[in-house]
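Please read its points alongside the sequence and the model.

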Amino acid sequence: MTSQFLADSSFAPLAGLRVVDATEGWAAAIGRMLAEFGADVIRVAESRDDGPNIGGVAIGAALHRRGTRTLGAGEALPLADADMLIVSPGSLDVAKVYADHPALVILHASDFGMTGPMAGWQATDPVLHALSGELSRSGRPEREPLLPPGTLAYSCATSQAVFALLVAHAERLRTGKGDLLDFAALDAATQALDPGYGIGGTATLGVPASQLPRGRPKGGHQYPILPCADGKVRIAVLAARQWQGLFDWMGRPEEFSDPSFNATGTRFKSLTLLPAIVAFFADKTRAELELEGARRGVPITAVRTLTEVVESDQVLARQVFNEEEIAPGVTAPVMRSVVEIDGARIASAPADAGGVDVPIVAHGATRPLEGLRVLDLGVIVVGAESGRLLADQGADVIKVESTSFPDGSRAANTGRGMSVTFATGHRNKRSLAINLRDPRGKALFLELAATSDVILSNFKAGTLESLGLDHATVAAVNPGIVMVDSSAYGPTGPWSRRLGYGPLVRASAGLTEQWRYADDPDSYSDSITVYPDHVAGRIGAIAALALLLRRGRDGRGGTASIAQSEVMLSHMASEIAVAALRDRGIPVDPGAARGPWGVFPCAGDDAWCVVTARDDVDRAALSAVLGGTASEETLRGWLADRTPEEAMTTLQGAGVPAAAMLRVSELPDFAYYRERGLFRTEHHPLLADPVTAENAPVRSTRLIDPPERPAPALGEHTIEIARTVLGLDEAAIAALVAQGVLETPATL
């Protein structure tokens, strides 16, 4: 089955939303994402981009322009008719605009915020990695920290900005008042890329990022990358059933027949198992291994290049890319929208598609989403984040779970278990423990769905259908329901039923192949990152809000599907276009020469500073600081006598993008984060120690900080929800509990 495309642009969720975009550089992607959902985005000017170009046409800027229109020469800013305004520093006097247009939602997008000692500093993607704590977790323990590829930090910040805009817009519809959002890319990257104080995935082995050792963490044994006949594959043999599938496939070798090998610990400690697997894979191609692995339930994927991903059966079947003109007479593969709405890729809506002017919550609410009910079937990171983001803005989010299928981020096998990671990912939610495999449990869920607004899930494709809870079934009892699902590869295509462990998705989407040291082809270093889970969760929350806005306009519910692999591809859009052009022999100008550029040692133990000279202007400023040529050799000598903090402050004072590499444990006490109020301390009754967690998604003049209700124990609110939402009496509740249809903490 292939993806379809919306012929009727009125189906686009944000059709009629008018956005004035006065941004430069990375922030131009914010308007582009709104346009993907159907907003009418009017650019004030062409975005400056010094990156790769064809005949002077910057590829990145061309991609950001898609689906938007540019204000004509001499035309006045259409602020009177606008819903949102996005600006970069210096483009407009936002305080005056806000005073003149108090019903307008304005987002000021900068690197470090509008105020504070770092407000005038310069950032690049590496600078954001250094200050967010991401860089300290990237690379090999025995080597220097490794900069992640591409522009992942800015790309994740973009989704955070769109989420903040839609929340503020929902509040505007409720109150009639606009907002001024002080949005900082560093804040957003710290929260949305791979947050050190957010919910963690299985790759972290349950160790909070703040407790990782000072050096680069060891990793990779859970998801080893192994050679085969035509390249490399990554495997994730974690569960006992997965091991048994591999064991049978290998011919049940006597050496590994002991039942103790069903335990991951035994397998990880074995000195002979991986060599035996390598020998078994040696004469098999990546395609053969993927196919047989899928048949036997063994998670395995090829480590692909970006070009191979674009040409893969999955991407072609889902029509992820379209050949589009990006410069006069030059076409390249360009990604369509990253979200499917109602089973179709979104088409941009015309400017006259109708207004988004109906509140999505009652006027008596005190928060933007108060009064909405969300049934949260999500698990681990993606599922947790979408629901938590909505709960933080006032929605009643009910986490639907059971002891038969517990959320893996809870403490293992403890029933009411609570972990630090679960506490941060599920705050402000309620828990309903219910057996959805039982017909009575399914019937109760449908009763809940009949009075709910949103259902979130992130299962393998086909799971909800197998439970009899597909959209058609739910819509029969609630035509206005909004259902958002996220999966590794999307709901269609030959890979749709594959297990979606993050490291396998990164390998199959071309990111793993890039995340390694340039001088060591086997130094893959992405194994413990949790990207793109947190940003995919934000895109799910964005899709839910967009569909709720559409429902307010015309009463329709709908569906949204997010493929995590495609989220990654969207973040590498420029690299994909450049690679395709070069493969075709089309010359691509690399753009402004940059350098020195990288991570450099400083005075101190394992102390590092990122320095990124973007162009001749930066190099001139760097030369003035160094008192000589801005060469890497001179820079290394200058840094050797200075701490990372001293070097960062001096270089930023001269206008050179630079940053000390911070560890996650250092973030809460870093002056910038304290001034921004990015973190807060929470207390959970089931945890002995306080929990450090992120606070609000953006600094705002009107939005209040999230509530502080602790994450629920499993089944903590089952009786309350059965009584007050489902209207069951005590006898009926007791019978359902006794029969195992419902579960409560007392029965676990």
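1. Arg 427 and Glu 682 are both buried, a term that here stands for under 20% relative accessible area, with exposed meaning over 50% and partly exposed in between (1.4 Å probe, protein chains only). The model is predicted: local features need pLDDT of at least 70, side-chain atom pairs count only at pLDDT 80 or more, and totals for chains, interfaces and linings use all residues. Residues are numbered from 1 along each chain as its sequence is written, and side-chain values use heavy atoms, with hydrogens and water left out.

2. Arg 427 and Glu 682 form a salt bridge, with 2.7 Å between the closest N and O atoms. Because Arg 427 lies in the loop between α14 (420-425) and β19 (429-434), and Glu 682 in strand β26 (residues 679-682), the pair ties together parts that are 255 residues apart in sequence. Helices (H or I, at least four residues) and strands (E, at least two) are DSSP runs, numbered from the N terminus. A salt bridge is a side-chain nitrogen of Lys or Arg within 4 Å of a carboxyl oxygen of Asp or Glu.

3. Arg 427 and Glu 682 also belong to a network of salt bridges, whose linked residues include Glu 385, Arg 388, Asp 392, Arg 538, Arg 680 and Glu 694.

4. Asp 407 and Lys 399 form a salt bridge, their closest N and O atoms being 2.9 Å apart. Both of these residues, Asp 407 and Lys 399, are buried.

5. A salt bridge also joins the side chains of Arg 252 and Asp 248 (2.4 Å, N to O). Arg 252 has 47% relative accessibility and so counts as partly exposed; Asp 248, at 36%, is likewise partly exposed.

6. Across the whole structure, the search finds 55 salt bridges.
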